[in-house]
Amino acid sequence: MLLELHHIEKRYSGVAALTDGSLAVQAGEVHLLLGENGAGKSTLMKIIAGIVGRDGGQMLWQGREVDLKSPADAAAIGISMVHQESLLAPHLTVAENLFLGREERLPFGWVRRQRMMEAANRLIAEHQFPLRAEWRVEKLTPAGKQLVEICRAILHGSSLVIFDEPTSSLSGSETAEVFRIVKTLRARNVGVIYITHRLDELQSVGDRVTILRDGKTVHSSPLAELTTDRIIQHMVGREVSTIYHRDPLPPGDELLRVEGVNQKGQLHDISLLLRAGEIVGMAGLMGAGRTELCRALFGVDPIDSGRVFVCGREVRLRSPQEAVDAGIALITEDRQITGLALRLPIAHNITLANVRRISRFGLLDGAAQSTAAADFIGRLRIRASSHRQLCGRLSGGNQQKVVIAKWLFRQARVFLFDEPTRGIDVGAKVEVFSLMHELAQSGAAILMVSSEMPELLQVADRILVMREGRITAELPGRTTQEEIMRYAALESVSEEIR
Amino acid sequence: MSEPAVAATLPAKSRRDRIVLQRLLPFLSLIVLFVALTIASPNFFTSTNLSSVVRQTAVINIMALGMTMIMITGGIDLSVGAILAMGGVVGTMAMEKGLSIPVGVLIGILTGLSCGFANGLMITQLRVQPFIVTLGTLGVFRGTTLIITNGLPVHQIPQQFSYMGEGNMLGVPFVLWILVACAVITHILLEHTRLGRYTFAIGSNREAAVYAGIPVKFHTTAVYAIGGMLTGLAGMIEASRLMTGQPTAGQGYELQAIAAVVIGGGSLQGGEGSVMGTLVGAFIMGLLSNGSDLLGVSPYLQQAIIGAVIILAVTLDEVRKRRTAAG
């Protein structure tokens with residue numbers, strides 16, 4: 001065995017994150033680690049990578065007990081981690097990030113930039129990544145940053161690489177790329193721990209599975225012995241309907257109409273229509289302009305020309321403030337950066353977009369705030385100790401629910417969901433979908449951007465496809481993945497990373 | 001969907017008690033300091049001495065209230081010392097020109113407000129970091145004040161003006177009433193109004209505040225304007241205590257105001273801070289300096305002690321935050 005963990009315990013200020021985490025990984029296998037958000041996967045990985053210490057249990061590395069005090073300790077024995085949230089220095093170049101902390105030791109701390117660049121470019125070329133060593137990391141998309149993290153792990157020549165949801169920000173061809181990399185590592189007898197929420201991708205990469213639930217290891221076996229349904233049962237501890245089914249509602253009044261919207265270099269002649277009770281899907285590859293469209297409709301990056309109507313009235317969207325006033329809500333793809341104030345309590349976040357509603361005579365009504373927050377925590381089943389808990393301590397799925405609650409409290413009518421299920425587990429996904437369904441039923445219009453085509457096919461009444469800043473097709477909800485791909489992907493993939 | 005809230009009572013009682021205790025630490029140290037000084041020096045717990053502590057601390061305290069709001073947004077204002085001088089000078093010049101005392105005070109306050117407003121506008125419109133903008137306006141405001149006074153203090157001030165800084169009302173210094181009023185208003189603003197809520201949101205995550213449709217620029221500017229207004233008022237108190245409009249007044253006060261906020265639990269990263277904390281922070285510094293005077297500690301050592309206390313206080317606060325933070 002390369003790595004063995006026995007009965008690992010970890011508590012954060014009294015709250016148990018792990019009570020009995022066990023895991024055994026062999027060299028040359030891809031070990032899938034599954035579990036809902038909050039099950040303890042991330043904590044277990046942080047312990048392996050030396051980011052946090054354990055409170056109990058045993059960790060064996062190649063049969064010998066080890067105690068890792070820092071990520072440097074982990075790196076020294078050959079463990080590296082590809083993080084879900086990018087831990088790169090944004091102002092440095094790709095090459096500088098790759099070699100960060102591993103620069104050649106030369107007198108006076110001298111750095112040989114040219115050699116570093118060449119080495120980085122060699123590595124990038126060897127793996128055919130769509131990157132350049134001299135690019136600055138801040139200019140990269142999430143997918144690009146993910147690739148840099150992967151490069152870094154490979155470069156460090158580790159014997160165990162941990163992938164924490166590597167494909168959650170990637171689409172189509174890039175995901176296939178990650179699989180290829182994982183397989184290459186396996187062929188080189190590297191052990192891989194692979195965390196994912198995308199059950200559809202298990203079969204393409206995994207050898208063995210370990211499932212965590214509520215801080216305990218509940219199952220471990222070869223992947224071949226399990227069906228997807230069994231896996232989900234282990235994860236949630238009960239049976240759930242994996243297939244979310246919805247009957248389209250009769251479309252109501254027109255809520256959002258977009259006519260000939262242009263934005264230089266990003267959006268070209270976009271027209272679309274959303275009616276009350278509708279869920280419209282938006283498919284496309286990374287960089288097709290879907291996020292840009294959401295940002296434009298939310299006033300973040302104002303449009304250059306074209307007209308937008310909300311509830312039949314023309315609106316100008318020059319700032320998020322104007323969009324919110326018009327009744328538009330944006331659930332962004334990066335909730336930690338643009339969705340939530342992580343250092344503030346749940347209650348403050350839920351009421352943030354509509355503080356007026358809990359104010360009386362200019363003063364905040366604390367009781368009204370608590371009632372509203374408790375109400376949403378109950379309705380959306382947000383798992384939290386109380387409405388005073390800080391959002392930073394919630395799991396991804398629960399954070400997403402707080403973001404949705406914020407817009408429900410704002411009584412928005414047009415909801416733009418940008419990758420709403422990213423980094424969310426199966427159970428929470430179904431809940432988010434049924435929330436969207438409820439929203440539609442209550443008369444809202446929903447535009448749902450997603451890179452997960454099966455989800456779009458499940459949820460959307462009709463599907464718009466974007467490519468290179470244009471809407472290239474409008475398809476019925478019962479279309480096929482092949483049909484979507486036909487309109488989404490035609491040429492040029494490598495440049496999209498930029 | 002209609003399940004009741006999952007309200008697991010996670011934190012154990014003892015743990016909560018410890019957190020409360022740690023949060024009260026600055027307040028407790030203030031009390032300990034107070035008691036220790038009472039025992040150590042017979043001259044400490046006298047009404048004359050305590051009044052003088054209040055009078056000395058009030059100016060920094062009132063400035064620090066504004067600084068608290070500014071620092072909660074994640075900003076900083078290095079120009080408050082210069083604003084204080086400008087407010088004091090312009091207000092006293094108005095009195096010199098024959099305007100009544102209340103009008104003069106109002107003009108001083110409005111001068112401060114304008115300066116703060118200018119800071120806020122530049123920070124939000126030019127998108128330059130607050131540190132840089134106010135480093136610049138520190139020079140601009142100070143220079144302007146020296147130009148309009150020709151570098152000379154303003155002397156022709158009505159006698160009654162001294163009441164503001166030196167008078168007593170109902171047996172306590174008049175400035176204490178001003179301070180309490182300012183503190184109560186600032187506390188209400190921060191904890192019970194939309195402005196306060198937005199102030200915390202902006203400091204906690206500016207992007208998220210923008211995406212929530214909050215007029216972030218407007219509120220940020222408003223916070224700097226309020227900070228300037230309080231500083232203008234502090235400037236008038238300072239002028240009243242000195243009975244001159246000093247163009248060189250308030251040098252280095254910005255650092256004392258920042259120190260008070262930080263000792264009271266504020267953070268340079270924003271999102272944290274409270275009126276109570278800042279008051280405690282300012283009084284800890286006030287008592288330290290007063291106590292050192294009474295005990296005959298050299299003023300050189302005093303500076304070193306206060307500096308060390310700042311580092312100690314922030315270290316303890318960081319330890320507390322790290323303990324309570326979890327993943």
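Mentor: The questions below concern helices, strands, domains and confidence in this model. The model is predicted, so local features need pLDDT of at least 70 and side-chain atom pairs pLDDT 80 or more, while totals for chains, interfaces and linings use all residues. Residues are numbered from 1 along each chain as its sequence is written, and chains are lettered from A and ligands numbered from 1 in the order in which they are written.

Trainee: Why are α8(B) and α9(B) called roughly perpendicular to each other?

Mentor: Helix α8 (residues 174-192) and helix α9 (residues 194-204) of chain B pack at about 65°, and their axes are 5 Å apart. Axes are lines fitted to C-alpha atoms, for helices over the stretch in contact, with angles from 0 to 180 degrees between N-to-C directions. Angles under 35 degrees count as roughly parallel, over 145 as roughly antiparallel, 65 to 115 as roughly perpendicular and the rest as oblique. The pair α8(B) and α9(B) is therefore roughly perpendicular.

Trainee: Which residues of α8(B) and α9(B) meet?

Mentor: From α8(B), B:Leu189, B:Leu190, B:Glu191 and B:His192 meet B:Leu195, B:Gly196 and B:Thr199 of α9(B); contact requires C-beta atoms, placed from the backbone, within 7 Å. Three of the contact residues are nonpolar, three polar and one charged.

Trainee: What makes β9 and β10 of chain A a joined pair?

Mentor: Pairing requires at least two bridges found by DSSP. Six bridges join β9 (residues 208-213) to β10 (residues 216-222) in chain A, and the strands run antiparallel. Within this pair, A:Thr210 stands opposite A:Ser220. The hairpin has two residues between its strands, and A:Asp214 takes a positive phi near 50°.

Trainee: Which strands of the open sheet in chain A are called edge strands?

Mentor: The sheet has four strands in the order β12-β11-β14-β15, with antiparallel pairing. Its edge strands are β12 (267-275) and β15 (313-315), as each pairs on one side only. The twist averages 20° from one strand to the next. Between β11 (residues 254-263) and β12(A) there are six bridges, and A:Glu254 stands opposite A:Arg275.

Trainee: How many domains does the assignment give chain A, and where do they lie?

Mentor: The automatic or database assignment gives domain 1 (3-236) and domain 2 (254-497). Their centres, taken over C-alpha atoms, are separated by 30 Å.

Trainee: What is the predictor's confidence in chain A?

Mentor: On the scale of pLDDT, from 0 to 100 for each residue, chain A averages 85, and 93% of the residues score at least 70. Over residues 491-498 of chain A, pLDDT stays under 50.

Definitions and conventions:
Two residues are in contact if their C-beta atoms, placed from the backbone, lie within 7 Å. Ala, Val, Leu, Ile, Met, Phe, Trp, Tyr, Cys and Pro count as nonpolar, Asp, Glu, Lys and Arg as charged, and the others, Gly among them, as polar.
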